[in-house]
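Please consult the sequence and the structure while reading the points below.

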Amino acid sequence: MFGLEKDKKSFKRFEFDLEKTIEEDPEEFNNLIDNIAKKEAIILKQLKEASKEEMDNYDILLRGYRALTKVIKTTKKDKR
């Protein structure tokens, strides 16, 4: 009851599609990280030329990409 059963084999861990893709194809992991890094570089370039309102939007977008990178790398470490 409440996850305290002795039979742990019946418990199936939920995995997101991204986790499955990273686990099955390490090349896709590297491509994803490279793609995110390129987008971050573009955003940083735009951020230097942006007005105050645009700066806030670019900052939010940049934080999202950095959080995504962190999540992906953590997922990859957990799978090792």
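The points that follow cover salt bridges and a charged surface patch. The model is predicted. Two salt bridges are counted, and a negative surface patch is formed by Glu24, Asp25, Glu27, Glu28 and Asp34.

**Salt bridge Lys52–Asp56**
- Lys52 pairs with Asp56 in a salt bridge whose closest N and O atoms are 3.8 Å apart.
- Helix α3 (residues 52-79) holds both Lys52 and Asp56, which are four residues apart, about one turn of the helix.
- Lys52 counts as exposed because its relative accessibility is 61%.
- Asp56, with a relative accessible area of 38%, is partly exposed.

**Salt bridge Asp59–Arg63**
- A salt bridge joins Asp59 to Arg63, with 3.1 Å between the closest N and O atoms.
- Asp59 and Arg63 are separated by about one helical turn, because they are four residues apart in helix α3.
- Asp59 is partly exposed, its relative accessible area being 28%.
- Arg63 has a relative accessibility of 59% and therefore counts as exposed.

**Negative surface patch**
- Helix α2 (residues 26-48) gives the most to the negative patch, contributing three residues.
- Glu24, one of the residues that form the patch, lies in helix α1 (residues 17-24).
- Glu24 has a relative accessibility of 66%, so this residue counts as exposed.

Terms used. Residues numbered from 1 in each chain as written. Predicted model: local features only at pLDDT ≥ 70, side-chain atom pairs only at ≥ 80, totals over all residues. Heavy atoms only, no water. Patch = residues over 30% accessible without salt bridge, like charges linked within 9 Å, V, L, I, M, F, W, Y side chains within 5 Å. Areas by Shrake-Rupley, 256 points an atom, 1.4 Å probe, with all protein chains shown as cover. Salt bridge = Lys/Arg side-chain N within 4 Å of Asp/Glu carboxyl O. Lys, Arg positive; Asp, Glu negative; His and termini not counted. Charge placed at Lys NZ, Arg CZ, Asp CG, Glu CD. Helix = DSSP H or I, 4+ residues; strand = E, 2+ residues; numbered from the N terminus. Buried < 20%, exposed > 50% of the residue type's maximum accessible area, 1.4 Å probe, protein only.
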